[in-house]
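Q: Please show me how to read a few features of a structure, with the general idea and then the case at hand.

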Amino acid sequence: MDNNRIDRLIRELPKVDLHLHLDGSVRPGTIMDLADEHGIELPGKCAEELIPFMQVNETCTSLGEYLSKFHFTTRFLQTAAALERVAYEIVEQAAGHSCKYVEVRFAPQLHREKGLSAEEAIHAVLQGLKRGELQFGVKARAIAICMRNHSERENREVIEAAASFIGKGLVAADLAGDEASYPPERFRGVFAFSQKRDIPITIHAGEAAGADNIYEAVENLGAARIGHGVRLKENPRILEIVADRRIPLEMCPISNIQTKAVPSWESYPIRDYFERGLHITVNTDNPSVSGTNITQEYRVLAEKFGFTVPELAKLAMNGLEAAFLEEHEKKALRKEFRRRLSELGIVSAV
């Protein structure tokens with residue numbers, strides 16, 4: 001199969017993006033508009049001049065440096081209208097890459113500087129996702145993030161707010177932030193609170209710290225999925241637990257390299273994990289911060305690790321199966337995926 005055909009198939013392959021941060025997905029042009037609307041001075045006069053403030057480059061040295069880019073973007077996401085717009089635009093961008101389902105995650109407490117409540121922030125994002133879903137035919141859901149550097153009270157507020165939107169577009173709660181400085185055991189109370197309210201849980205773990213954090217997230221925080229999980233390989237016993245339980249890993253290849261979760265592509269374990277039968281999913285993390293998109297994530301797996309188109313289709317189906325969706329919704333998506341794969345002449349690798 002020639003490279004042009006492979007590239008076309010990768011772009012047209014139906015995809016899922018389960019690990020996608022709202023504040024890491026803002027277009028520079030949208031920042032220009034929001035700054036003008038709210039009278040915020042910018043460090044550049046055009047969208048292109050904003051990119052260094054929003055996007056990391058090859059010199060990024062750590063997760064901490066990577067996360068610093070969000071200090072810039074969140075300034076512009078403090079109104080319901082801004083949140084609604086960016087959520088809508090994320091769905092639009094997903095549609096342009098044959099992405100059929102997205103879960104957009106965000107921390108409500110980071111969007112309250114101008115008086116929004118956590119509930120109002122969630123409502124605004126859901127409105128944008130719903131509008132995008134109707135416009136572009138991409139199914140879209142939200143995940144509410146608790147932040148590692150926030151107090152238990154602040155994080156319980158997020159869980160309480162999230163509970164009122166379960167079944168109305170919000171599908172899970174998450175824990176994100178500086179993993180190395182704030183280990184997951186500190187948050188057992190918050191996520192016990194989440195489990196009592198029947199809110200599914202995904203936890204960022206095994207990105208800036210080791211496999212023990214993955215074990216803690218699964219055993220004591222109730223995580224049904226793991227965000228990243230790159231460092232799972234450091235503990236064979238924990239890797240076996242995750243494999244046996246079919247716990248999905250939300251891997252984000254380009255971001256994982258940029259944050260130095262691994263030092264190089266040569267040491268990135270996604271091919272090894274795939275061949276061991278782990279439930280791997282492929283995601284973008286932060287398209288604007290990483291300078292990526294879901295097509296590029298799949299393309300890099302083909303280029304760096306020799307993933308075939310049928311294997312990439314298997315990864316896409318993994319994402320569908322890992323989605324926090326009701327079974328009847330998954331059934332409809334499976335049917336759509338299989339129809340499209342058949343049209344493209346792709347048989348998913350088992």
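A: Take contacts to begin with. Contact means heavy atoms within 4.5 Å. Leaving aside neighbours within four places in sequence, Ala 144 is in contact with Phe 106, Pro 108, Val 158, Ala 162, Leu 170, Ala 172, Ala 173 and Asp 174. The model is a predicted one, where local features need pLDDT of at least 70, side-chain atom pairs count only at pLDDT 80 or more, and totals for chains, interfaces and linings use all residues. Residues are numbered from 1 along each chain as its sequence is written, and side-chain values use heavy atoms, with hydrogens and water left out.

Q: In which element is Ala 144 found, and is Ala 144 buried or exposed?

A: Buried means under 20% relative accessible area, exposed over 50%, and partly exposed in between (1.4 Å probe, protein chains only). Ala 144 is found in strand 3 and counts as buried, at 0% relative accessibility. Helices (H or I, at least four residues) and strands (E, at least two) are DSSP runs, numbered from the N terminus.

Q: Which residues of helix 8 are buried, and where do they fall around its axis?

A: An α-helix has 3.6 residues a turn, so residues three or four places apart point the same way. In helix 8 the buried residues are Asn 155, Val 158, Ile 159, Ala 161 and Ala 162. Seen down the axis of helix 8, they fall within an arc of 165 degrees (taken from the directions from the helix axis to the C-beta atoms), so they line one face of the helix. Their cover includes helix 7 (118-136), strand 3 (139-147), strand 4 (170-176) and helix 9 (188-196).

Q: What does the side chain of Gln 258 make a polar contact with?

A: A polar contact is a pair of N or O atoms within 3.5 Å; within protein, one must be able to donate a hydrogen and the other to accept it, and residues adjacent in sequence count only if both atoms are side-chain atoms. For Gln 258, the partner is the side chain of Ser 290, at 2.6 Å. Gln 258 is found in helix 12 (residues 253-258) and is buried, with a relative accessible area of 12%. Not counting residues up to four places away in sequence, Gln 258 touches Val 56, Cys 60, Tyr 66 and Ser 290.
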